[in-house]
Amino acid sequence: MDSVSPQVQNQIAQFQQLQQQLQAVLTQKLQMDAQVREMTRTVEELGKAPQDAVIYKSAGSLMIKADGKESVLKDLEESKETLEIRLKGVERQEKALREKT
C-alpha cells in the first residue's frame, strides 16, 4: 500500500469501516427478524390453545405459571410490537449505510 496516496488509504479505511458497520447491522437485523418470526409463531400457537389452558412463561432461568392466556398474549404482542419498531430502526440504519457505500 506504499504506492497508494494517504488520501486513498484513508478512503479505503473508511470504506472498510462502513462495511464492518453494515455487517454488524445486518447480523442484528437477522437476529431481530428471527425473534419476530418466533413470537408470531408463539402467538399463533397460543391462540389455538383452549382458554383454560395452563400456560407457563420464562422468567430468567425459571418457568413460572402465567396469569392466563390473555395476559400472556398481551405481553407477547407488546414485546413483538416493540421489537418490530426496533427492527424498523435497524432497517433505516442499514439503508443509510448502504447509501454511503
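These legends describe close-up views of a predicted model.

Local features need pLDDT of at least 70, side-chain atom pairs count only at pLDDT 80 or more, and totals for chains, interfaces and linings use all residues. Numbering starts from 1 along each chain as its sequence is written, and side-chain values use heavy atoms, without hydrogens and water.

**View 1. Helix H1 packs with helix H2.** H1 covers residues 6-48 and H2 residues 69-100. Helices are DSSP runs (H or I, at least four residues), numbered from the N terminus. The packing angle is about 155 degrees, and the axes lie 9 Å apart. H1 is therefore roughly antiparallel to H2. That label applies to angles over 145 degrees. Axes are lines fitted to C-alpha atoms, for helices over the stretch in contact; angles run from 0 to 180 degrees between N-to-C directions. The crossing of H1 past H2 is left-handed (the near helix is turned anticlockwise from the far one by less than a right angle). Residues of this contact comprise 16 nonpolar, eight polar and 11 charged. Here Ala, Val, Leu, Ile, Met, Phe, Trp, Tyr, Cys and Pro count as nonpolar, Asp, Glu, Lys and Arg as charged, and the others, Gly among them, as polar.

**View 2. The buried residues of H2.** H2 has 32 residues. From first C-alpha to last it reaches 46 Å, close to the 46 Å expected at 1.5 Å a residue (1.5 Å times one less than the number of residues). Buried residues of H2 are Lys69, Val72, Leu73, Leu76, Lys80, Leu83, Leu87, Val90, Glu94 and Leu97. Buried means under 20% relative accessible area, exposed over 50%, partly exposed in between (1.4 Å probe, protein chains only). An α-helix has 3.6 residues a turn, so residues three or four places apart point the same way. H1 is among what covers the buried residues of H2.

**View 3. Glu94, a buried residue in H2.** Glu94 has a relative accessible area of 10%. Beyond neighbours within four places in sequence, Glu94 is in contact (heavy atoms within 4.5 Å) with Leu22, Val25, Leu26 and Lys29.

**View 4. Gln28 in helix H1.** Gln28 is partly exposed, at 32% relative accessible area. Sequence neighbours within four places aside, Gln28 contacts Val90 and Gln93. Its C-alpha is separated by 30 Å from that of Ala66, 38 residues apart along the chain.

**View 5. Gln7 in helix H1.** Gln7 is exposed, with a relative accessible area of 57%. The C-alpha atoms of Gln7 and Leu83 are separated by 41 Å. Along the chain these two residues are 76 residues apart.

How values were computed:
Helices (H or I, at least four residues) and strands (E, at least two) are DSSP runs, numbered from the N terminus. Angles under 35 degrees count as roughly parallel, over 145 as roughly antiparallel, 65 to 115 as roughly perpendicular and the rest as oblique.
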